[in-house]
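The sequence and structure come first.

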Amino acid sequence: MKIFIDSADIAEIKDAVAMGCIDGVTTNPSLIAKTGRSLEKVIRDICEVVDGPISAEVLATDAEGIVREGKILAAIHPNIVVKVPLIAEGIRAVRTLSSAGINTNVTLCFSAPQALLAAKAGATYISPFLGRIDDIGGDGLELISQIVTIYNNYGYETEVLAASIRHPVHLLRCAEMGADVATIPYKVILQLLKHPLTDLGLAQFLEDAKKIPG
Ligand code: E4P
């Protein structure tokens, strides 16, 4: 399973990369806005830190504009994946971008039929937002399971990128179900590492080590 960090914060990204567990990055306009810097500058900086797919989102909502913006983003670096909203105009744009050899991440997916159409349009990744479904009383993990099953049934090459992951159990279940990628906030990456028995065990070992002669 590939793990991406869902962040536009360069310090966080550098730290996660140093842990050796990051395969790529996803950003969105809300994450970029938090940095107070321009999208292009942030994306260029991320490209210098991470050698893997980096999703950068378009702001246009018409197919022509999405393709235009997508080509500009893709020209920044070969690792750029153009993030496109899952709307009719977005799906049209994905077809054009994928024919031009540009990788796409279709975002804001909240249903399996949406994911099916994104795959048919040639999306490189589909991003179901499982945490946001849970937030309104739905079952985000069930959506991941449906999409994995449908893509496997028909052999679609589009990768399932589980997004809006809020806690370690989300990641665990996505891994069990065979999601290709999970994009995770920095805070959750740190939570994945934590176990009270690890901390207790280490403290005990260090204490006992003081009794070792020599
Ligand atoms: C994915 O690409 C999105 O940036 C992200 O996972 C959204 O997560 P949120 O629902 O926590 O904002």
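Is Cys-174 buried or exposed? Cys-174 is buried, at a relative accessible area of 0%; buried means under 20%, exposed over 50% and partly exposed in between, with a 1.4 Å probe and protein chains only.

## Basis

The model is predicted: local features need pLDDT of at least 70, side-chain atom pairs count only at pLDDT 80 or more, and totals for chains, interfaces and linings use all residues. Residues are numbered from 1 along each chain as its sequence is written, and side-chain values use heavy atoms, with hydrogens and water left out.

## Cysteines

With a disulfide taken as a pair of cysteine sulfur atoms within 2.5 Å, the count is zero. Cys-21 is in no disulfide, since the nearest cysteine sulfur, that of Cys-174, is 16 Å away. Cys-174 is in no disulfide either; its nearest cysteine sulfur belongs to Cys-109, 13 Å away. Cys-21 has 30% relative accessibility and therefore counts as partly exposed.

## Ligand site

Around the ligand are Asp-6, Thr-26, Asn-28, Lys-83, Phe-129, Arg-132, Ala-163, Ser-164 and Arg-166, where a residue qualifies if one of its heavy atoms lies within 4 Å. By class, this shell holds two nonpolar, three polar and four charged residues.

The protein buries 86% of the 340 Å² that the ligand exposes when taken alone, by the Shrake-Rupley method with a 1.4 Å probe.

Definitions and conventions. Nonpolar A, V, L, I, M, F, W, Y, C, P; charged D, E, K, R; others polar.
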